[in-house]
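Please open the model in your viewer and keep the sequence panel beside it.

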Amino acid sequence: MKVLIFSHESDVDGLFSAAIGLIRYPQARTVFLGYGKDTFRTMADFTSKFSISSSAQENGLIIICDLALGEDISSISLCKSSFSEARNAGFHIVWLDHHPWPDSPQSAIEPCAELELDRTGTKCAAELVYERFLLGNELASNLASIARSMDFFIGDQYLTPISELIVYYHNSFARYEKLSSLAAKISRGILWDFEMQKDYAAYSQFRDRAKAESYQTLQLRHFGDKFKAAILRSSPYIQNSLFAHEIVEKTGSDVVILYGLDNKVSIRRSNNLISCRKIALNLPEGGGHDFAAGAKFNSPPFDRDQIIKELEEAVSRSLVDTSAPQ
């Protein structure tokens, strides 16, 4: 059986979701994607090519992990069209995700794909893949547990610096090959080896320079007498979740907002009275979780003052209702 796995490209949950899929289907091809409209154009293109290349007698499976579909009409249309084509070619489609979905994309996709969405906010994507395809498998169970620890910032177990290595590979010219190779290793229980160590040593030099430059852009903003936000420019070579935790330790901020020259925004919190998702929803293409979210900004990427103003306004609008913990 032909199997195609789509998963998120830039964090442990996405890579481990794909790895669990590979334990079950070692013959699968993996494709790693980011967030945003381009994701669904790429997904539709791969899906169409994959289904066209299959013989009429060959069944197939397409698994989508850790990727959320929003209300963008063109993205929904692309998914529906490519999924219908794949179904006609004999493919079954399973979409597993733990991000909040609006009603409109869910109702649009349900007729052409099997949706398994966590609406409780308590599971990561790797756990959903484990429960759907490999319940009871010891390696898959452990990988799902590690992904949960990283995704929810629980910190209850040690993990090699694989999350930073994912960032490095994500920025590599051989991104697809590097990430697919890493997922294949993880599926065999290899969480660190000599090649990873060598690549990590190279990466750490880029990371340290990027963090030093990022700190030079740090701006602290107070919202009343309750909340403090740290806003600063990030870099493709920085693992934002780890960096946000470092910034919180240094500044005592309640929320950290990292923005990039690619107009992307990453939001992390240390105070449960703030919702990262609510902040993100006040920005273009915003979405995610209460504890971690992403979006884009409209300001020119080199106009720091305008960016700070736009992000401040997004935080202010999100704080209209802070009466209940998230």
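How are helix 2 and helix 3 oriented to each other, roughly parallel or roughly antiparallel? Bear in mind throughout that this is a predicted model, and begin by selecting residues 37–52, which form helix 2, together with residues 73–88, which form helix 3. The two helices pack at an angle of about 10°, and their axes are 9 Å apart. Since angles under 35 degrees count as roughly parallel, helix 2 and helix 3 are therefore roughly parallel to each other.

Next, display the side chains where these two helices meet. On the helix 2 side the contact includes Phe40, Met43, Ala44 and Ile52, along with Lys37 and Arg41, while helix 3 contributes, among others, Leu78, Cys79, Phe83 and Glu85.

Select the open sheet of five strands whose order is 2-1-3-4-5, with parallel pairing. Strand 2 (29–33) and strand 5 (114–117) stand at the edges, each with a single partner strand, so one side of each is left without a neighbour in the sheet. Neighbouring strands of this sheet are turned by 15° against each other on average, with direction ignored.

Within that sheet, centre the view on strand 3, residues 60–65. Six of its six residues are buried, so strand 3 is largely enclosed by the rest of the structure. Both faces of strand 3 are covered, with Gly60, Ile62 and Ile64 buried on one side, and Leu61, Ile63 and Cys65 buried on the other.

From strand 3, look to its two partners in turn. Strand 1, residues 2–8, runs parallel to strand 3 and is joined to it by six bridges, and here Leu4 stands opposite Ile62. Strand 4, residues 91–97, also runs parallel to strand 3 and is likewise joined to it by six bridges, with His92 as the bridge partner of Leu61. If you then trace the chain from strand 3 through helix 3 to strand 4, you follow a right-handed β-α-β unit.

Return to Leu4, whose bridge partner in strand 2 is Arg29; strand 1 and strand 2 run parallel and are joined by five bridges. With the strands still shown, bring back the helices: helix 2 lies across strand 1, strand 2, strand 3 and strand 4, running at about 175° to strand 1. Helix 3 packs on the sheet as well, touching strand 3 and strand 4, and its direction makes about 140° with that of strand 4.

For the next stop, select another open sheet, one of six strands in the order 6-7-8-9-11-10, with mixed pairing. Its edges are strand 6 (219–223) and strand 10 (287–288), each of which has a single partner strand, so one side of each is left without a neighbour in the sheet. Zoom in on strand 10 and strand 11 (residues 292–296), which pair in the antiparallel sense over two bridges, and find Gly287 standing opposite Gly294 in strand 11.

Is Lys211 buried or exposed? Its relative accessible area is 19%, and because buried means under 20%, Lys211 is buried. Leaving aside residues up to four places away in sequence, Lys211 touches Ile238, Phe243 and Glu246.

Methods: Residues numbered from 1 in each chain as written. Predicted model: local features only at pLDDT ≥ 70, side-chain atom pairs only at ≥ 80, totals over all residues. Heavy atoms only, no water. Axes fitted to C-alpha atoms, helices over the stretch in contact; angles between N-to-C directions. Helix = DSSP H or I, 4+ residues; strand = E, 2+ residues; numbered from the N terminus. Parallel < 35°, antiparallel > 145°, perpendicular 65-115°, else oblique. Contact = heavy atoms within 4.5 Å. Buried < 20%, exposed > 50% of the residue type's maximum accessible area, 1.4 Å probe, protein only. Pairing = 2+ DSSP bridges. Right-handed = clockwise from strand over helix to strand, strands pointing away.
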